[in-house]
Amino acid sequence: MTGKPITLGILFLALLGAALPAAGSSREPYARVVVLPWKNLGSQAEARDELMPEFVAELGRAGFEAVGMDSVRASLRRHRVRETGALSQRDAWLLSRDLGTPWILVGALDIYQDEPVEAGLSARLMNSTTGDLLWADAFYATGLDHAGLLGLGEVSDPRDLARDLLGKLVRSLQRTWLEHPERIYDEIGSQALRPGLILVPFGNSSATSQGHWIVQNVLLGLLVGQGYRVIEPGMATQALRDYARFPQGEIDLAALDSLAARFDADYCLTGHLTEYRVDPDPSGADVPVVDLETRLLEAATGRIIWAGHAEHSGADFIKIFQVGMIRSPGRLLQETFARLLPTLPAPLGGKN
Amino acid sequence: MNRDTFALLTPVLLLGLLLSLAGCGGPSVFLDRSFDFNYVERVAVIPFDNLSPSQTAGRQATLMFITELLATETFNVIEPGETARILAEVNPRSPGSLDRDQIRTLGQKLNAQALVFGTVSESSNLRNGGSTVPTVTMDLRMVETESGETIWAATHTEGRPGVLTSLFGVSGKSTSETMRSCVNEMLSTLIQ
């Protein structure tokens, strides 16, 4: 039974050797990264195609080397990988083997719209050998976030917003890479020190059909940031499909057992998104509203050990006049979870 | 305050009081006082029936109830995914219409001492003058799995127009908040 982990470990070290620079070569990139075509949750497909090369260039400036997009597309075609917003274990393995690096960067254009001007980007860096996420983050903004008197500071083009956000994403990745070397070498021994967590897709009865995806992307960023060893959701979803399960917002204990054993996970987080919408306030301004339930299960016992509910409007964050108002639903979700997750039972709520 | 002013204000104050009372009213409750609730450790919540026009009200109410019941730290609540799996094995005509044998089987398979059934009878926005008031009516009952007997039942409507709504068109609560208040009002009759 120990053959598979050892083989995986050897493959990981071989890939790591190829992907990481030699010591002392300061001009070498931090790592070679496979950047997958982003999943587009927005309504404008061309926006993704415009932004992706800029993201890759930004990665290069930050010290990462992206595998050429032609090679990536060829490998995706060869292995018939159609879904690039979430990778199964098999697909991640095949891509890594083809492209010679364990690091796969999965991204999504969560929001992109002209009216009102809004953009949202999320991404995560996966260790294809273990299925763990080394880093995940998401950023959301609207054109009015920094608008002052007489509309000064208002951004009227979502491209400008998106460019700013992708810069923030890349800087966040760079910071994590430099500050958490233990996650890069997790396979070698420190894995057990971090609680392993599986995120089961949220149920969604809100009016926004993509709302549960944005919940997932927001949660991944916060949970990985809090020090959880989070399993790539695509791998967890594929494993559930293997057991003929398609859970949304709940999981049965047989499936939980199997998942936990397969990914060495300690906890499972799921929930339900009830509201994710934008309402006009009396002054006519757009105010986002979110309402959700979430709960944490202990994998060993199947017990619900924590449950939380949160309902927030962007106006809840106003400090004075309109200052502090959150206008982006994505950012409101982040704030909502950022307030909810620290109530997880100790030591789970603590930051690494 | 002279006598004339008082005479003038009295009907207004009475009207206000009546209007405010129209928006209040606690749940109607049955509680089996002979039953020892300490015996109930694990509870399964059966997906609530939904008779309201809102398609999502049943699911929303079920999940809200689970969260609020867990928040009381009184019972262990079985993961709804597990309850759904076992419920599918028992295969009732509808989740809310289990017979005594099915209740017992479900209790044994889930190792639950009690099941909670619920119905959302109403979840809508009622027009009241110039404003709308979210209104939610729910029926809940807890059934002991060994005997199939109901040990607690409650029904409640939350969100009837109160004095503020009637006089000033102020509603304040969202549908979701109204539903949560309804759940909490009812739970407060089970867990003191």
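Reader: What does the accessible surface of chain B come to, and what share belongs to carbon and sulfur atoms?

Author: About 9,700 Å², with 53% belonging to carbon and sulfur atoms. The area comes from the Shrake-Rupley method with a 1.4 Å probe. Bear in mind that this is a predicted model, where local features need pLDDT of at least 70 and side-chain atom pairs count only at pLDDT 80 or more, while totals for chains, interfaces and linings use all residues. Residues are numbered from 1 along each chain as its sequence is written, chains are lettered from A and ligands numbered from 1 in the order in which they are written, and side-chain values use heavy atoms, leaving out hydrogens and water.

Reader: How many helices and strands does chain B have?

Author: Six helices and seven strands. Along the sequence, the pattern reads α-β-β-β-α-β-α-α-β-β-β-α-α.

Reader: Why is B:Q102 called buried?

Author: Buried means under 20% relative accessible area, exposed means over 50%, and partly exposed is in between (1.4 Å probe, protein chains only). B:Q102 has 17% relative accessibility, so B:Q102 counts as buried. This residue lies in helix α4 (residues 100-110) of chain B. Leaving aside residues up to four places away in sequence, B:Q102 touches B:V90, B:N91, B:P92 and B:S97, a contact being heavy atoms within 4.5 Å.

Reader: What puts the buried residues of α3(A) on the same side?

Author: In helix α3 (residues 69-78) of chain A, the buried residues are A:V72, A:S75 and A:L76. They cover an arc of only 100 degrees around the axis, so they sit on the same side of α3(A). That arc is taken from the directions from the helix axis to the C-beta atoms. The face turned away from the buried side carries the exposed residues A:D70, A:R77 and A:R78. As for cover, what lies over the buried residues includes β1 (31-35) and α4 (89-99) of chain A.

Reader: How do you know that the span of helix α5 of chain A agrees with its 22 residues?

Author: The expected span is 1.5 Å times one less than the number of residues. For residues 158-179 that should give 32 Å, and the end C-alpha atoms are 31 Å apart, which agrees.

Reader: What makes A:R163 and A:E54 a salt bridge?

Author: The term asks for a side-chain nitrogen of Lys or Arg within 4 Å of a carboxyl oxygen of Asp or Glu. Here the closest N and O atoms are 2.8 Å apart, and A:R163 and A:E54 form a salt bridge. The pair links distant parts of the chain, with A:R163 in helix α5 and A:E54 in helix α2 (residues 45-61) of chain A, 109 residues apart. A:R163 has 35% relative accessibility, so A:R163 counts as partly exposed. A:E54 is partly exposed too, with a relative accessible area of 25%.

Reader: And in the salt bridge of A:R229 with A:D264, is A:R229 buried or exposed?

Author: The closest N and O atoms of that salt bridge are 4.0 Å apart. A:R229 has 2% relative accessibility and therefore counts as buried, whereas A:D264, with a relative accessible area of 47%, is partly exposed.

Reader: How many salt bridges does the structure hold over all chains?

Author: The structure holds 28.

Conventions. Helix = DSSP H or I, 4+ residues; strand = E, 2+ residues; numbered from the N terminus.
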